[in-house]
Amino acid sequence: MPRPTGRVLTLLELLQSGGTRTMAELADRLGVEGRTVRRYVDQLIDLDVPVESVRGRYGGYRLAAGYRLPPLMLSDDEALAVLLGLVAGRRTGLTAAERTASETASAKIRRVLPKHLARRLDTLLEALAFTDRPGGFDIPDAGVLLTVADAVRHRRPVSIRYTDRDGRRTDRTLHAYGIVAHSGRWYVTGTDPGIGEDRTFRLDRIADARTLPGSFEAPAGPGPAERVLSGFAAAEYRHEVTLRIHGTVEQIRARLPAGVATVEEHEPAADPDGAAADQGAAAERWLRVGLRAERLDWLPPVLAALDRPFVIEHPAELRTLVAAFADRLASRARQA
C-alpha cells in the first residue's frame, strides 16, 4: 500500500477514536506537515467520509454524522470484541437484526482479519461452550425498536400495533418508560393511558410503532427492569399460589427469582416469652410469597431445594403434591 494511502487510513483511524484532534496532534502522529494533513482530510471528504473542521483555540478535525457508514478501522481487540458480541447476540437472541444480517456482518469482519488474529478467534470459538441451549427467539424489527427507544428517551407517547399470545391484534397507545432485555427477549414497559395501568409488551410482537405528539412524566418508584419482572410474577395463569416461608429474602430469591414470585413482609407472631431475637436470626423471618403458575408440579422440588420452613396457604392441591413428593423421597431414601 503506498505510504500516503496508508497515512490517510491512519488519519481515519485517529478520527474514529473519538473527540476533536488538533492539527498539531495529527501532524505529529502522521509525521507530516499541517498542509499535508489538510490534503489527507480533503481525500477523506472526497470519499464521502464526513470530516468537519472545528475552529478556535482547541480546534482541529473530527468526524461528523454521515448519511452512510464510512470505512471502519478496528484494532485487534476491537475486532474480537465485535465478533464475540455478534456470536453472543445470536446465541441469546438479544439482537435487533435478522440472523442473516448478523452472519454477513461477522463474515465481512472475518474476511479482513489478519491471519494470526483469525486463528486466535477460531481457537477461542472452538474452546467456548455455553451452559444454555441456543436461543430460538423471534427478533424485534429494528425500526420498531429504534422508534420505541426514541419515545422512551424523549418521553413521548407511542402508538403500537400489537399481537398477543392468543393471536389477537390491537392498536394501543403507550407511555413507554423503559426497554428491558430478559431471558433472550426484548420488552417495553410503560403505562397504558386508556386504562391507567402498567403494561409490558414483547417487542417482537409489535408490528408497527410511531411516536405521537405530546409528552408525559415518568412515574416514580421501581425502574423498568423491576416492573417487568413484577409483571411476570403477577401474570394471569391457571394457579394462584400463596406461601409463607421462614428465611431471608436472599434465600427465597435464590430459588424463586423476581420474575417468578413476589416477596412481601408477613408480620411475625409475638414471642410468648417476650425475648428479643438475636442478631443472627433477625434477618430470617416469615415472608409472604405469591406466584402464579400454569402447572404446580415444579414447585415441590423447588420448595425442597429451598430447605426453609414453609406454610402453603393456597391452593390445597399444592399441599397434596408436596406430600406426595415427600413420600417419594422418603421411599427412595429407604431403599438399599
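Where is the place of Arg21? Select Arg21 and you land in the loop between helix H1 (3-16) and helix H2 (23-30); helices here (H or I, at least four residues) and strands (E, at least two) are DSSP runs, numbered from the N terminus. Keep in mind that this is a predicted model, where local features need pLDDT of at least 70, side-chain atom pairs count only at pLDDT 80 or more, and totals for chains, interfaces and linings use all residues. Residues are numbered from 1 along each chain as its sequence is written, and side-chain values use heavy atoms, with hydrogens and water left out.

**Stay at Arg21**

Arg21 has a relative accessible area of 16% and is therefore buried (buried means under 20%, exposed over 50%, partly exposed in between, with a 1.4 Å probe and protein chains only). Now show the side chain of Glu25: the side chain of Arg21 makes a polar contact with it at 2.4 Å (a pair of N or O atoms within 3.5 Å; within protein, one must be able to donate a hydrogen and the other to accept it, and residues adjacent in sequence count only if both atoms are side-chain atoms). Next, find the backbone oxygen of Leu14, 3.4 Å from a polar atom of the Arg21 side chain.

**On to Ile312**

Select Ile312 in strand E11 (residues 310-314). Is Ile312 buried or exposed? Ile312 counts as buried, because its relative accessibility is 9%.

**Last stop: Leu74**

Finish at Leu74, in the loop between strand E2 (60-63) and helix H4 (76-92). Leu74 counts as partly exposed, because its relative accessibility is 36%.
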